[in-house]
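Open the model in your viewer and keep the selection tool at hand. Each stop below tells you what to pick and what you will find there.

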Amino acid sequence: MNLPRIYLDHAATTPLHPAARAAVEEGLRLWANPSSPHAEGRAARRVLEDARERIKASLHWKGEVIFTSGASEAAALALGREVSQRRRFVSAVEHDAVFGAAPGAQVMPLTTGRPDFAGTEQAMAAVQHVNSETGTILLTGGRQDDSRCILLADCAQSAGKLPLPDAEMAIVSAHKFGGPVGIGALLVRDYAMLEPSGGHERGYRRGTENLPGILGMAAALEAGGLDRWATTEAERWAFGDALGEVLAPGAQCSWIFAAVHPTLGAQAVLIRLDAAGFAISAGSACSSGTLKPSRALTGFGVVPDVARRTVRISLGWNTTAKELERFVDAWQALSR
């Protein structure tokens, strides 16, 4: 009997939520440019601004929202156009997009699984809220010290799942929580923190707004939330426990697990599980095709042999308990 495939790579991208799909279709009917002054453009603008307020309400964000094409553009906007051009710091386990947006930035080491903010006074620091490869929660509230740095929180893996941390700026990506690909946002406390860069989004972005994507993003946030997932938190933690050795460098979320196979390398595990009907990954989708050691695992102090045998299993809004049971059976059989 051919069983349906099971998708457990939600940290790379998660399926479009039905509410988001319906909202995108609505947006496609509103085809006018929201920046146009005519009646059609003004109608599109009203819908866009309503979606902006819905997103702010869903995220409990009191500042401004600048729509982007995704998390990578949001990172580039924040790190490249922050007006003071303070010295840049990034944690040792950041996504490649953040390192690319801040060339020459000083790397912040980790202390017991969390970034060490020492020396970041009068600087700008970029830190993931939840690490995309291990599920480690790097920010629990904010900086956890009296540093006066500007904090840029990468919330690509946490927005719509955890409350935003205390930060001056935050990165959000819709396709990580059930929205469409190609839409995200930079949340900023005040527009004055950024140098204007274009004719859209109050002058802080070039390019026409993606209205269908924005509507899908708003709908996904309103429909999501961990309390509405197909699994309970207890079921997700039980799943993690059943995997055996799981890397936990610090506080952990319940939807990303870095599992270590006893003997096989990550690529061998991926191939065998893919053939058995399971989709997982060996880390960030942006770098999983390389042979280099994972920057994140190295930053967490994982020794090369363990890193070589580590795969990422990530859950989403439509993952079911039955699917997790099937994966545990396959994982345990492969681990014998």
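Select helix 7 and helix 10, residues 321-335. In this predicted model, their axes come within 11 Å and cross at roughly 130°. An angle of that size makes helix 7 oblique to helix 10. The crossing is right-handed.

Now show the side chains at this contact. From helix 7, pick Val269, Arg272 and Leu273. They meet Phe327, Ala330, Trp331 and Leu334 of helix 10. By class, this contact has 6 nonpolar residues, no polar ones and 1 charged.

Stay with helix 7 for the next stop. Which residue does the side chain of aspartate 274 meet in a salt bridge? Select arginine 5: the distance from N to O is 2.6 Å. Aspartate 274 lies in helix 7, residues 266-275, while arginine 5 sits in the segment before strand 1 (6-7), so the pair ties together parts 269 residues apart in sequence. Aspartate 274 is partly exposed, at 41% relative accessibility. Arginine 5 is also partly exposed, at 48%.

Next, compare another helix pair. Select helix 1, residues 18-29, and helix 5, residues 211-223. Their axes are 7 Å apart, and the packing angle is about 155°. The two helices are therefore roughly antiparallel, since the cut-off for that term is over 145 degrees. Helix 1 and helix 5 cross in a right-handed sense. On the helix 1 side, colour Ala19, Ala20, Ala23, Val24, Glu26, Gly27 and Leu28. On the helix 5 side, colour Pro212, Leu215, Gly216, Ala219, Ala220 and Ala223. These contact residues divide into 10 nonpolar, 2 polar and 1 charged.

Back to salt bridges. How many are there in the model? The count comes to 17.

Pick arginine 88 and glutamate 82. Their side chains form a salt bridge, with 2.9 Å from N to O. Are the two partners buried or exposed? Arginine 88 is buried, at 10% relative accessibility. Glutamate 82 is buried too, at 3%.

Move to aspartate 166 and arginine 189. This salt bridge spans 2.8 Å, N to O. Aspartate 166 is in the loop between strand 8 (150-154) and strand 9 (169-173). Arginine 189 is in the loop between strand 10 (184-188) and helix 5. The two residues are 23 apart, and the pair links distant parts of the chain. Aspartate 166 has a relative accessible area of 40%, so it counts as partly exposed. Arginine 189, at 39%, counts as partly exposed as well.

Now select a group: Arg45, Glu49, Arg52, Glu201, Arg202 and Glu209. Salt bridges link these residues in a network.

Keep arginine 202 from that group and check its backbone. Its phi is positive, about 60°, although it is not a glycine. Most residues other than glycine have a negative phi. Arginine 202 is in the loop between strand 10 and helix 5. Its relative accessible area is 47%, which means partly exposed.

Where is the last stop, histidine 60? Look in the loop between helix 2 (39-59) and strand 2 (64-68). Histidine 60 has a positive phi near 55°, and it is a residue other than glycine. With a relative accessible area of 67%, histidine 60 is exposed.

Technical notes. Residues are numbered from 1 along each chain as its sequence is written. This is a predicted model: local features need pLDDT of at least 70, side-chain atom pairs count only at pLDDT 80 or more; totals for chains, interfaces and linings use all residues. Side-chain values use heavy atoms; hydrogens and water are left out. Axes are lines fitted to C-alpha atoms, for helices over the stretch in contact, and angles run from 0 to 180 degrees between N-to-C directions. Helices (H or I, at least four residues) and strands (E, at least two) are DSSP runs, numbered from the N terminus. Angles under 35 degrees count as roughly parallel, over 145 as roughly antiparallel, 65 to 115 as roughly perpendicular and the rest as oblique. A crossing is left-handed if the near helix is turned anticlockwise from the far one by less than a right angle, and right-handed if clockwise. Contact means heavy atoms within 4.5 Å. Ala, Val, Leu, Ile, Met, Phe, Trp, Tyr, Cys and Pro count as nonpolar, Asp, Glu, Lys and Arg as charged, and the others, Gly among them, as polar. A salt bridge is a side-chain nitrogen of Lys or Arg within 4 Å of a carboxyl oxygen of Asp or Glu. Buried means under 20% relative accessible area, exposed over 50%, partly exposed in between (1.4 Å probe, protein chains only).
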